[in-house]
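Hello,

Please find the model below. My notes on helix packing, the chain contact and the core follow it.

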Amino acid sequence: MSAVLMPLAAEISRPLADFVAPKIEYNELAPLLVVFGAACVGVLAEAFLPRSWRHLVQLAISILGLLVAGVLAVILMADNEDLIAAQGAISVDGPALFTWILLLALTLISVLLFAERSVDGGLSAFAGQAAAVPGSEAEREATAAKVEHTEVFPLTMFAVGGMMLFASANDLLTLFVALEVFSLPLYLLCGLARRRRLISQEAAMKYFLLGAFASAFLLYGIALLYGYAGTMSLGGISDALATQTGGDAILLAGTGLIGVGLLFKVGAVPFHSWTPDVYQGAPTPITGFMAACTKIAAFIGLMRVFYVALGGTRWDWAPMMWVVAILTMVVGSVVAITQTDVKRMLAYSSIAHAGFLLTAFVGLAQAGNGVLNGITSTQAVLFYLVTYGFPTIGAFAVVTLVRDAGGEATHLSRWAGLGKKSPLLAGIFAFFLLSFAGIPLTAGFTGKWAVFTAAWSGGAWPLVVVAVLCSLVAAFFYVRVIVLMFFSDLPADSPDVALPGWQTTAAVALGLAATVVLGLVPGPVLDLAARAGEFIR
Amino acid sequence: MNIGWLTLTMLLPLVGVLATMVVPKAKALLSKQIALGCSLLTLVLTLVIAVGYQQNGPADYEETHTWIEAFGAHYAVGLDGVGIVLIVLTALLTPVVLIASWNDAKSGRWSEKSFFAWILGLEALSIGVFAATDVFLFYVLFEATLIPMYFLIGGFGGAQRSYAAVKFLLYSLLGGLLMLASVVGLYVVSAKAGDPSYLLSDMMKLDMSQNTERWLFLGFFFAFAVKAPMVPFHTWLPDAAAEATPGTSVLLVGILDKIGTFGMIRFCLGLFPNASEWATPVVLVLALISVLYGALVAIGQTDIKRLIAYTSISHFGFIVMGIFALTSQGLTGSTLYMFNHGLSTAALFLIAGYLISRRGSARIADYGGVEKVAPVLAGTFLFAGLSSLALPGLSPFISEFMVLAGTFSRHKVIAVIAVLGIVLAALYILIMYQRLMTGPVRDGIDKIKDLNFREVFAIAPLVLLIVGFGIYPKPVVDIIKPAVESTMQRVGVTDPAPQVPVTEGQK
């Protein structure tokens, strides 16, 4: 036996009694485990059930899994005990639980949208046979046989499980694993559109390549931070910052690279270029899911890393984030003006929203920074994510309903006069747009108010001024769509408004209800966000 | 006794909105009657409140409930002399506009009942704006009024209505969003001082550094200057007023723009007294420019509605001047001016609307000799015009005089130059009257009918009030006075002593 292997042999030959089993807090991690469990059951169901049963069973598994996980998370939140679980890998604190519940609720709505089959002649929005070449005989056969990919449901469950893990990851390695767990299913889901398959596949490819690129940045950043601190845990890095001298170059490089990886997922400028293409190409229900849930998970992950691990160097990274926030707001809202496709416009709008969120993030309104009364940054961001998530899914649900012979009519010119054809649908969409624009009495306004306040409390008032000016620009393009829908004449060959099934109706109704309630009485949700408190280490 | 009077006044029009919308499309007449009924009830209710306020003071009408605790926002409404006058004006103009615009919405993009419903919605929100005593509530309602007005312009106006509606909205949003920044800033100041609260009474106790106060003041003032509108932020008004229906224009200029000048009194002077004093020179010069520029440009207009819109810009210049002169006479005059301007401009817009709907053109050049064909129309138009140029004996004269006198006691040069505005007012009104109504009867004018009973009925209350308050303005002035005094105290200024003191012997 060579000398190198000796220690290993010693390790193996150690008596079992010395082995300490890792402590897993099953109760606290139950929501995560239920979601992943449901995903695994879904895979098994896919393998063993006859085709005709799968849709119903998969839908039931997903909904059940999400509901059970949601209830468990609510119970945990009610207990209000912050805890570092799974040997320091996962942090089950207030913000994490809040994010879990939010993600589960939004995913539930999204899953309903995925299950919608009545808007496109009894077929779902997903390709019958993803492996078939677009336009081929095999594709036609699959369509005729009404085949569909019910794998969508377990994939979604894996994605949301990954997102939940991402939002609660307490060390960099868990963070990275979670990132991949939620990204890979999303890459796949993006390429599954039934209509316009080439553009969908292109979107998936782009998302995958750019996503892999961003992952590499993140991983490199993680490696550098490990090199600096000698630990992966966020708390450990924070301690190292306080005690260690020297090695600043590695620290700064690592911070920058991790920032690139996370900002990519958030969709912040200049790492946003994938957003419009992917949002446009992906099946619309998936776009809604990504726009809402990915952003939420990514943002909480970003905040956790930068607040918990890198809070000590905030004066180093805050200037960088100021620049990114300003760029994101300006580019998101200005470029949106030139868009001619509804989904691309909403994509740029989501970029602008990321910018507004970043203002609260860089405001650093925390008790630790001397902001004792009023809204904190974490509270504001959590609240904003709620006010952003529900209308977003609702808006994309509306997009799925405006159809012509070629599928969804997403070109803006095709929406002209929609208010005449279907005042209700156009009215609801207009309401979502007004919420995005931040008009008072909608959820968007209270959300904006909260993030701007957090930014100003932390001293970032110039960002607030930039943000209100960008809000004006953004209002312009939202209003343009309203003008188009209500003040234009209906062209002869206008698209139809599909009669939605109960699934889409429920999704739109929930989005609408949340937008109204959060606009009128945001108090309870704000208090919940306040109760969530700060990230723990 | 407090039974939520003000809330009731806001709910009543909202009930009207719902009732109007529930009525089926085929029964347009019924929905219009419901709307009118609701607006009349609201008027009665506000008059009851005004009388009660006059006798028992504001305490009976205050309501405060916590709304969003984390924001420090309250649902808080209350009355002061300025607020009650504008609430009454709102409640008065709404039924007048409804009667005058009875058939105007037929050519609109949407059903007639939606026109009536939007107007009632605007009424409810405007009353809320004038009653709000919480900065956050005020801001929310301030922005929310944009939505009904946007749809009123965009849905029921002339050929360029979409353009005008969007321009109106974007200008207003620009002001509103900068104000939002200031509102957020106020929260931060309030949070630093302890428990954040947006209540006006709590905000007034805040201690701000000089710079903070000035910046926050600028955010508010900018929003109000766009709203009022003052030169150079005025260009949206002529477009909006020209494209909207006459009724919409009345609500826009008569009520919505008043929010700007009202906000200057209640929020700029009330929350930022030192900054307001600091800004006085610039504001007065801007106001003076508005007075003269608005009047000069009005003279050159070829479109009747645009002309009236520019006269309003000139009038708003006077109002702002009176406010920032910071004398009790000026402030009282300005508040009275808001009320009187609402009456006279409403009459002017509505009668011009009657004329335009008969001929189908708003170009002044298309008219001539109307007074021979339609004497009642021409006569009432002349009356409205004369009230707009502040003819002595009519109510606008009193307010304009008070504004000028109040300004003169502190800023002589400004007041002297502003007097030119009166001369220019005579020019733009009389030249317009001459071109429209006198001279030989033009083609297309000879067949127009004179005013019918509904049209006369709609403007009759305006005419009566203009004459009535022209002779005896005391009731309104008495209501305004206490509010003005408390504002003056708040700013910490007193009226300059007269140069020639009144002595016993002279009395």
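Which hand does the crossing of α3(B) and α20(B) have, left or right? The crossing is left-handed, meaning that the near helix is turned anticlockwise from the far one by less than a right angle, with clockwise giving right-handed.

Some conventions before the rest. This is a predicted model, in which local features need pLDDT of at least 70 and side-chain atom pairs count only at pLDDT 80 or more, while totals for chains, interfaces and linings use all residues. Residues are numbered from 1 along each chain as its sequence is written, and chains are lettered from A and ligands numbered from 1 in the order in which they are written. Helices are DSSP runs (H or I, at least four residues), numbered from the N terminus.

Helix α3 of chain B (residues 81-100)

The axes of α3(B) and helix α20 of chain B (residues 453-471) come within 8 Å and cross at roughly 160 degrees. Axes here are lines fitted to C-alpha atoms over the stretch in contact, and angles run from 0 to 180 degrees between N-to-C directions. The two helices are therefore roughly antiparallel (angles over 145 degrees; under 35 is roughly parallel, 65 to 115 roughly perpendicular, the rest oblique). From α3(B), the contact uses B:Val96, B:Ile99 and B:Ala100, and among its residues from α20(B) are B:Phe457, B:Ile459 and B:Leu462. Contact means C-beta atoms, placed from the backbone, within 7 Å. By class there are 8 nonpolar, no polar and 2 charged residues; Ala, Val, Leu, Ile, Met, Phe, Trp, Tyr, Cys and Pro count as nonpolar, Asp, Glu, Lys and Arg as charged, and the others, Gly among them, as polar.

α3(B) also packs with helix α15 of chain B (residues 328-359), at an angle of about 5 degrees with the axes 9 Å apart. This pair is therefore roughly parallel. B:Val96 and B:Ala100 of α3(B) take part here too, and B:Phe339 and B:Gly342 are among the residues they and others meet in α15(B). The contact has 11 nonpolar, 2 polar and no charged residues.

Helices α12 and α14 of chain A

α12(A) (residues 284-309) and α14(A) (residues 342-363) have axes that come within 12 Å and cross at roughly 15 degrees, so they are roughly parallel. Their crossing is right-handed. The residues of this contact comprise 6 nonpolar, 3 polar and 2 charged.

Between the chains

The contact takes 30 residues from chain B and 27 residues from chain A. On the side of chain B, the elements giving two or more residues are α5 (135-144), α6 (146-156) and α7 (161-192). The largest share, 16 residues, comes from α7(B). That side has 21 nonpolar, 4 polar and 5 charged residues.

Core

The largest nonpolar core has 410 residues, and A:Val464 is one of those that touch the most other members. Such a core is a set of buried Ala, Val, Leu, Ile, Met, Phe, Trp, Tyr and Cys residues joined through C-beta atoms within 7 Å. Beyond four places in sequence, the contacts of A:Val464 include A:Trp456, B:Ala181 and B:Val184.

Regards

How values were computed: Contact = placed C-beta atoms within 7 Å. Buried ≥ 20, exposed ≤ 12 C-beta atoms within 10 Å, placed from the backbone.
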